[in-house]
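Reader: I would like a close look at one part of this protein. Please also place that part within the whole.

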Amino acid sequence: MKTIKYLFLSAVLIGFTSCNEDDYDYTPDPEPIPAFTAGSIDVSKYVAVGASFTAGFTDGALFIAGQQNSFPKILNDQFINANGSATFTQPLMNDNIGGLLFAGNIIQGPRFYFNLTTRRPTPLDAVPTTEVTNVLSGPFNNMGVPGAKSFHFLASGYGNLAGVPIGAANPYFARMASSPIATILGDAVAQNPTFFTLSEVGVNDVLSFATSGGTGVDQTGNFIPASYGGNDITDPNVFAQVFTTMVDALTANGVKGVVANVPYITNLPHFTTVPYNPVPLDAATAGALNQAYAPYNGGIQAAAGALAGTGLFTQEEADSRMISFSASPSNAVVIVDETLTNLGAINPAFAGLPKYRQATANDLLVLPALSFIGTLAIPGNPLTVNGVAVPLADKWVLIPSEQLAIKTATDAYNATIESVAAAKGLALVDFKGILQEAASVGVSDGNFIFTTSLATGGLISVDGIHLTTRGYAVLANKMLEAIDATYGSNFIAAGVKADPGNYPTNYPESLR
């Protein structure tokens, strides 16, 4: 779009000056492109350590095309200009379907594509062919392991095949680990890298909590990761110890590298796409629903009156729990909010009052709710519409207190990342700032402006969380900018960078 704009302006200028060929030429001479210099880096042995973004995860899965366009692979393509290796090994999947098999059984489903008919992300109608038990032979320059939390990078046995069926090991690491007792960090360091990237460590420490609608536990204050549930938030002190250990190991012998901080994941379209008020109702249906909720509303007001002056239940909370519908295209969904007062525990007379309220603009609905709201809890029964007659359970919504827990942990992780990076003299990529900018005004790279809009923004893939391959090219360029600023190279100024236009934003359904 920017290119078209400038072509149009050029045409206008030509029109105004064509009759005056002897006038001054206002076209400035192009700035000379400087000769390339690698500065103080040695990228002859580049190893990338991280989680799903590092691996090239996109559209809800890991698959060959995404891996071949992972940001470490894109970055390495530029490193070749700085005497980097032309060989960059990755634990490639078997297909472009995505998903995993374990002993022939599907344990993770295929990738998503954007269905133009339904206008929604849709799972590919195909069966995965990548068998986890077929362990690959490494080592691998790309040590990105989807799903890994910070403490998993140091966990012996995280790639043990025997642990995969019981959830004690990661299937992606199991197919690439050097041994059943290997650690991700150990396999990376054993390659003696001369340069490394350490990216999105800490994202999964809050992401599973967020995508589950906050069904996990904020483990701040608990220093024993072995006691955590899969959807829990990692204690910031645990994160700090792990991250420091990782950087100490990777920077041994003066090795240089790039680290990236943790974005505010609630800026991602997985949490911003589904509106809190997506329910269209006519007058008759709205009236019927109001009548159905009248006993609940009456009970809430009765409780507020009975408990007035006790400080145990305020009128403000009572008002927030009132449920009302109208003839409108945008009624708010009804949700279960576990933080609301348990009225039955105060007075047994109100034991039958559930913790219901309607969602507000401060609530975030997860992307899968797009296909769930409006379905029937009981097939064939129109009185059981999910999100209306049947409130949405906790897993569908991130309420404000859960969002705050995510932000607080993220800020603590980033304080550690920035402190360690500064102490070690490492390049730092402000991944958080990049996504904030993309969510507000957009991020530009070349002739493109990227936003976080689902499917149309160009940056985020149709799973609403991971980047498109074009987005990974942008991230690679941001890393080159950080390398230039820290180590005296001039990748960007010399034009040694990725062109986002060479990478796709959406993979077609036909790609298998």
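Is Tyr-228 buried or exposed, and what is its relative accessible area?

Author: The model is a predicted one. In it, Tyr-228 is buried, because its relative accessible area is 12% and the cut-off for buried is under 20%.

Start with its place in the chain. Tyr-228 belongs to the loop that runs between helix H7 (204–211) and helix H8 (236–250). Within the chain, Gly-216 comes 12 residues away from Tyr-228, and the C-alpha atoms of the two are separated by 9.1 Å.

Next come the neighbours. Setting aside residues up to four places away in sequence, Tyr-228 touches Gln-219, Asn-222, Phe-223, Ile-233, Thr-234 and Asp-235, among others. Val-238 is also on the list of residues touched, and helix H8 covers 236–250. Phe-151 is another residue that Tyr-228 touches.

Leu-136 sits in the loop between strand E5 (120–123) and strand E6 (142–144). Beyond its neighbours within four places in sequence, Leu-136 is in contact with Pro-91, Leu-92 and Arg-175. The C-alpha atom of Leu-136 is 10.0 Å from that of Gln-90, although 46 residues separate the two along the chain.

A helix gives another case of burial. Helix H16 (residues 469–487) has 19 residues, which at 1.5 Å a residue should span 27 Å; its end C-alpha atoms are 26 Å apart, so the two values agree. Of these 19 residues, 16 are buried, and H16 is therefore largely enclosed by the rest of the structure. Just after H16 comes Gly-488, with a positive phi of about 80°.

Now the whole. The protein has 16 helices and 17 strands. Its radius of gyration is 26 Å, close to the 24 Å that the globule rule gives for 512 residues, so the protein is as compact as a globular protein of that length. The C-alpha trace spans about 80 × 75 × 45 Å along its principal axes. Buried residues account for 52% of the 512 residues, and Tyr-228 is one of the buried residues. Of the contacts between residues at least 6 apart in sequence, 74% join residues at least 24 apart.

Methods: Residues numbered from 1 in each chain as written. Predicted model: local features only at pLDDT ≥ 70, side-chain atom pairs only at ≥ 80, totals over all residues. Heavy atoms only, no water. Helix = DSSP H or I, 4+ residues; strand = E, 2+ residues; numbered from the N terminus. Rg over C-alpha atoms; globule rule 2.2 N^0.38 Å. Buried < 20%, exposed > 50% of the residue type's maximum accessible area, 1.4 Å probe, protein only. Contact = heavy atoms within 4.5 Å. Expected span 1.5 Å × (residues − 1).
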